[in-house]
Amino acid sequence: MREIDSLMRIGDVTVALSLLSRLPLTGLPVAHARGARAAWAYPLAGLVLGGMAGGAGMIALHLGLPTALAALIMLAALIALTGAMHEDGLADSVDGLWGGWTPARRLEIMKDSHIGTYGVIALILGLGARWGALWALLDVGTGTAVTAVIVAAMLSRAVMPALMWALPHARNDGLSHHVGRVPGQTVLAGVCVASGAALLLTGASAFVALIVAGGVSLGIRAISRAKIGGQTGDILGATQQITEIALLCTLLIQA
């Protein structure tokens with residue numbers, strides 16, 4: 001019983017939200033102590049964030065706004081709630097991985113606060129894809145869209161600890177390095193939490209979503225290992241974004 005309590009603590013949800021959102025919580029000091037052991041709760045942070053974004057979309061529709069604007073409000077809510085940290089990771093990762101010729105140069109570009117052409121293009125395409133998918137999902141039905149955004153938010157955050165376990169740190173500093181290497185049992189716990197929620201919310205569609213999430217994470221793992229020899233916080237953010245886009249499109253196709 002003590003081992004289970006050590007693996008999964010209720011307070012880890014606050015820790016996860018403190019790390020992955022801009023919600024006014026007090027869990028960040030604890031996050032430094034719990035570190036990677038709290039990563040199983042990343043999908044639950046996604047549940048909260050996706051639920052809040054879905055709620056914002058429902059309010060927008062209730063006020064009489066068209067689905068296009070409701071989808072934009074849902075997207076804006078996701079960005080505001082996370083402080084655009086994952087979008088920033090996507091832009092930095094694309095800039096670095098395709099803008100440098102050596103691992104050292106790629107990591108240097110990724111650490112630079114300036115954004116390059118690759119990063120701008122990635123953000124435009126990424127935001128456009130998410131808006132379009134949410135818009136189409138809302139056209140199918142409000143419940144379908146809210147369910148999809150929650151499932152995508154959970155599963156896309158479940159693959160982040162998996163990458164932290166599967167790849168070494170590419171640099172000796174940064175948020176990912178500070179959090180630490182995630183234990184395998186923590187990864188499994190997070191995947192089980194996210195998978196169970198996806199099955200409850202989407203039924204058989206969850207199996208396809210799980211395959212897509214796994215495939216995306218394996219692809220990013222291969223690219224990151226080849227180009228920089230491991231993972232960074234930016235890579236994790238890019239993984240979340242690309243996985244979320246793939247999942248929203250997958251759930252739209254199955255709607």
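Leaving aside residues up to four places away in sequence, Ser224 touches Leu167, Gly229, Gly230 and Ile235, where contact means heavy atoms within 4.5 Å. Ser224 lies in helix α12, residues 205-228; helices here are DSSP runs (H or I, at least four residues), as strands are runs of E of at least two, and both are numbered from the N terminus. With a relative accessibility of 1%, Ser224 counts as buried. The term buried denotes under 20% relative accessible area, exposed denotes over 50%, and partly exposed covers what is in between, for a 1.4 Å probe and protein chains only.

The structure is a predicted model, in which local features need pLDDT of at least 70 and side-chain atom pairs count only at pLDDT 80 or more, while totals for chains, interfaces and linings use all residues. Residues are numbered from 1 along each chain as its sequence is written, and side-chain values use heavy atoms, with hydrogens and water left out.

The protein contains 13 helices and zero strands. Along the sequence the pattern is α-α-α-α-α-α-α-α-α-α-α-α-α. Its radius of gyration is 17 Å, close to the 18 Å that the globule rule gives for 255 residues, so the protein is as compact as a globular protein of that length. This radius is taken over C-alpha atoms, and the globule rule is 2.2 Å times the number of residues to the power 0.38. Taken along the principal axes, the box filled by the C-alpha atoms is roughly 50 × 50 × 35 Å. Of the 255 residues, 49% count as buried. Among contacts with a separation of 6 or more, 77% involve residues 24 or more positions apart.

The buried residues of α2 are Asp12, Val15, Ala16, Leu17, Ser18, Leu19 and Leu20.

Helix α9 (residues 142-166) packs against helix α11 (residues 184-202), their axes coming within 9 Å and crossing at roughly 165 degrees. Axes are lines fitted to C-alpha atoms, for helices over the stretch in contact, and angles run from 0 to 180 degrees between N-to-C directions. The crossing angle makes α9 roughly antiparallel to α11; angles under 35 degrees count as roughly parallel, over 145 as roughly antiparallel, 65 to 115 as roughly perpendicular and the rest as oblique. The crossing of α9 and α11 is left-handed, meaning that the near helix is turned anticlockwise from the far one by less than a right angle, whereas clockwise gives a right-handed crossing. The residues of α9 that meet α11 include Thr147, Ile150, Met154 and Trp165, and their partners in α11 include Val187, Val191, Ala194 and Leu201. This contact of α9 with α11 has 15 nonpolar, five polar and no charged residues. In this classification Ala, Val, Leu, Ile, Met, Phe, Trp, Tyr, Cys and Pro count as nonpolar, Asp, Glu, Lys and Arg as charged, and the others, Gly among them, as polar.

Helix α9 also packs with helix α13 (residues 233-254), at an angle of about 145 degrees and with the axes 8 Å apart. The crossing of α9 with α13 is right-handed. Among the residues in contact are Val149, Ala152, Ser156 and Arg157 in α9, and Ile235, Thr239, Glu244 and Leu248 in α13. The contact of α9 with α13 comprises 15 nonpolar, four polar and two charged residues.

Val149 belongs to α9 and is buried, its relative accessible area being 2%. Not counting residues up to four places away in sequence, Val149 touches Gly50, Gly54, Met74, Leu78, Leu134 and Leu248.

A further pairing involves helix α5 (residues 67-82) and helix α8 (residues 117-140), whose axes come within 8 Å and cross at roughly 130 degrees. The two helices α5 and α8 are therefore oblique to each other, and their crossing is right-handed. Residues of α5 including Ala71, Met74 and Leu78 meet residues of α8 including Leu127, Arg130 and Leu134. By class, the contact of α5 with α8 has 13 nonpolar residues, one polar and two charged.

Ala84 is located in the loop between α5 and α6 (85-99). The phi of Ala84 is near 60 degrees, a positive value in a residue other than glycine. Most residues other than glycine have a negative phi. Ala84 counts as partly exposed, at 24% relative accessibility.
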